[in-house]
Amino acid sequence: MCLGRTPTVRGSIAPLSIALAIAISSGMTSRASAQVPNHPVITEVYTDPPGGNDGPIGRDPTNAHQEFIEIYLPTCAQLTGSGLNCDNLNLAIYSVEGDATSSGVELVNYRIDLPTYDLNSINGITAGARPRPANGVVVMGWADYAFPDLGVCDDVSNAPCSVAAQNCVSLERCIGTPTGLLGTPSTRVGLINGGILADGPFDFIAINGADFSAGDTTNFPVPAAISLIHRPSEANSGLVQNGSDAYLLVNRDDLNYVELYDDKDTANVGGNLANADPSLATGTVLGVTSLLDAVAGNDDKQFRIENQPLQVCGNTPSNCVDLQTVLPDTSPFGPLVPQIPEKDKTRITPTIGNGYARVFPDQPKTSEDATVCIPTFPCPDAFLDATTAYRLIRNDGPFFPSPGVVALTTSEPELSVASDIEQHFQVLSQTVGRPGLFSANTGGLAGIDISVSGGTSSNSAIATFSTGITATNVPGQAIAFPSVAVTPAAAAPHLGVATAIVTATATKTVGGAIVAAQPVTVTATIIDPTTGLDAGGQAFQATVFLAIQAVMDDPAVANEFLTTDVSAFLAAGPPVIAVETVGNGTALLNPLANIAVPGTVLARELPAPGEECTNWINPVGPIGRLDLFDTIVNSGEVQSGAASYDSSLAPGVNCGVVVNRVQARRFNNPDTLTFGGAFSPSELLFFADAQGVTGNVRSGLSNATTSRTFEMVIVETNLNDFDGSIGTGFSDDFGLVMEVAATEPESPIAVGEFVFLSFSGGLQGADIDMLVGQLGNVLLQLIYLDLDNLHDVLGIRTIEQIFVIDGSGTSEPDVIEVFSLNLSAAPGSFVTSATPAHGESLWRTNGNVARLTFDSNITAPAQGDVMIQELLPNGAFGNDVSNGFSFTIENDLVGNPRILKIVDTGPPNLAHGRWYAIRQIGAWFGVSPFELHYVVQVGDADNNGSVVNTDASVINAAVPSFSVSDDDRRDIDGDGTILNDDVGFMNGNIPSFVVPKPGGH
């Protein structure tokens, strides 16, 4: 037997993302040609049914599910495994404890001896044996019984016991009638999934059948032996428990088989634990030739699937990873027992899975038995088998527990859709999200196409639903994510919820329809957060929205960048609002440049570990504000206890002097306005969620199209400049810090201050965990940044330098260019003040006046250069009404033409109680973009944002007044006088209280 392993490149497996899970599932078809196994194999282990009890006692009668172990028996003709008797097959299941902190680690949890099976019916059935089930499947599960409450516990006879007495330590038997299940004891042949009412194609073995008196379980085959059922614990909690256990299927007739016992079986073990120790770590007790098949679940948070079997870790099990002492790399069993990580990362909230199953028993795995390591077949590789030969079972699907059903590669394909609880999505406002419906092909290898038709929305004022993207050619036992398109309403509030019953339909990719359509309820939550979070979960600073666009490598195209919308925007020419940072812009916009050839564009890579004193950095902030190092250390992400940047922070490095250093790269970006961006791509985008995850196909943030505008794009390459290979970006984690160039008046942020970004409302300083858009040969990743909230929440007008911070210490994005898509015009005039001030009210029925003062001379704008628009919810704007206003230039106090006077020339263009923006977004040559907000409160003479009786007093005190200034707030009708008519116009609006500004502005 060969115990070595062929080296395998495994770096892309570690993240175990949903996108990667698809790739792994699809890769299952590339194994060896299908062949029915020549020996029995374990096909399913269901460890964690819903409900508090998994054993035969005290279960909720409405809970139809039970834990079980399933095996597959080949036919006699197929049974060629060494030492197996076709007419007299004797098998046993061992469960060996692998929890490093358990007092019984490495010992037997239980042994179940199956009844003898005769696989050859032609020559008759061996006396005392059972014939092979029609489909070759054997399921071992509990028989559940209820208990009449007699108020006593009879440990002597087989009399029924009270519910209260079921925990008697010496209780041996409790008999009664099954309740809450299908059928009756005389018609029921199994108690899994609610009850089996007729003889089916498989055998159900009641693992607790021997606990009952003769005649009580005649409709259940029982084990030949079971070492022990603990009283009272396992009768309630079950045998097949969640945790780190190794399950071994062994041949009892093999010369190297040893009969061992449950370590708590005092009658057979007592103080001699050798009777419960299979010594898997050494292979000196239970011999490997007796092993037919094995699998283990590992729930240790430190377990990494690619590291199995783990190296010997020492003599203190509590310091080891689960199963490390049981199946170390020096054990002959180590490569033969694939370990499945029980944490299921495909769920909306990753959690422990509910069991694991063999994908196709007729596709051999390298660790199938102890005899497979021959020159024509690979040596055992537990990692390869764990990632390709098994899948997790989920109570909520789409891979539900399926006792008695085994899919072979030749089985018909079958559509399965996860339950409603798994179909919850987030969708970003101003986008059309296309979340993937969690589904699967649970049948054979033949591919199916799965589509989703949209249903009627429960609240169309929140969102509507329609058909999305079809999942095509989904192979058997593979997860699929056909999408449903979700379109938020323009006025949908943040965290608004809508549901719809959609229908999933599957057809064979070749051959037509296969199954009935399956309806499922999907739930969409619309998000549009304005602030991020600190370590305590409180609102802090502002959030931005980061989206990734994948640019695929195309051998037929020299410059793939030129196929994108952003390249057309950059190449459009004047007015120039987009400028490069690194110096690769010329090549990126050159049709003759082959950007897939190393050296055409060179990435500015982040400094490496070991360069702390040379290339790591720590620029200082403005007086009284944090430097870059402390900005990171004090971020919500780091303060929460996350280790995201631990490897990228070097505190107190002695580089001649003791200094703090950060593994980061500075990009001196042209001053970029944080608001009013003009560019929005039409391609599919993958927005980062609050945890910094991109590419989650179950999220409505993936495969999205958007009307949002972006102020900056970072161009990152997956091209390896050494050999021209293309990477994946799976491990490229990073954070972004921006240096502030200019702020609005009253901003809490100082010029030069560092702002650590959060994404989609997550923790301040969160890192982008994976730089992943779509699967395949992605040459470039375009990282778009929507910065509007930096302006609207923090008053940051422009940003200059950006810092890319390594999130792991090793893998990071390879940035080849940073483009400003919203350049702050230079030279240009900035608004320095306004009357009324930003956020104040306009008070007139007609002739409202506003004056904007600039920091340099200006000329009058052309019609349309300055827009006046109503503020709408979710950051939207109404129609431009500026054609009803006059725009004239006035001199300031020293005679310079620096004041823009804006007058509503009538009829009134502004409605009472509405908010309006005066803005220019780049059309007015020589003037930097600006945006000022005003609410119309006709009669607000005292400028407090409301119209109440105190305003009448202010006006009355000036009645009569003639020839007042054109911006006197007491002149309500704008006729240049203050008379009783002004009081009347004001009284018509009493009371008019403060009007909240629409969301998103």
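A: One begins with burial: a residue counts as buried when its relative accessible area is under 20%, and as exposed when it is over 50%. Please keep in mind that this model is predicted.

Q: Which residues of helix 9 are buried?
A: In helix 9, which spans residues 949-956, Asp 951, Ala 952 and Ile 955 are buried. These residues lie on the same side of the helix, because they cover an arc of only 105° around its axis. Asn 949 and Ser 953 are exposed and sit on the face turned away from that buried side. The buried residues pack against helix 10 (980-987).

Q: How is a sheet read, and what is the strand order in the open sheet of four strands?
A: In general, the strands of a sheet pair through backbone hydrogen bonds, in either a parallel or an antiparallel manner. Here the order is 44-46-50-49, and the pairing is antiparallel. Strand 44 (831-835) and strand 49 (885-891) each have a single partner strand, so one side of each is left without a neighbour in the sheet. On average, neighbouring strands are turned by 20° against each other, direction ignored.

Q: Over how many bridges do strand 49 and strand 50 pair?
A: Strand 49 and strand 50 (residues 897-904) pair over seven bridges. Leu 900 in strand 50 is the bridge partner of Ile 889.

Q: Does Lys 901 count as buried or exposed?
A: Lys 901, which lies in strand 50, counts as buried because its relative accessibility is 18%. Its side chain makes a polar contact with the side chain of Asp 966, at 2.7 Å. Lys 901 is also in contact with Val 849; the two are 52 residues apart in sequence and 7.2 Å apart in space, C-alpha to C-alpha.

Definitions and conventions:
Residues are numbered from 1 along each chain as its sequence is written. This is a predicted model: local features need pLDDT of at least 70, side-chain atom pairs count only at pLDDT 80 or more; totals for chains, interfaces and linings use all residues. Side-chain values use heavy atoms; hydrogens and water are left out. Buried means under 20% relative accessible area, exposed over 50%, partly exposed in between (1.4 Å probe, protein chains only). Helices (H or I, at least four residues) and strands (E, at least two) are DSSP runs, numbered from the N terminus. The arc is that of the directions from the helix axis to the C-beta atoms. Contact means heavy atoms within 4.5 Å. Two strands pair if DSSP finds at least two bridges between them. Axes are lines fitted to C-alpha atoms, for helices over the stretch in contact, and angles run from 0 to 180 degrees between N-to-C directions. A polar contact is a pair of N or O atoms within 3.5 Å; within protein, one must be able to donate a hydrogen and the other to accept it, and residues adjacent in sequence count only if both atoms are side-chain atoms. Lists of a residue's contacts leave out its neighbours within four places in sequence.
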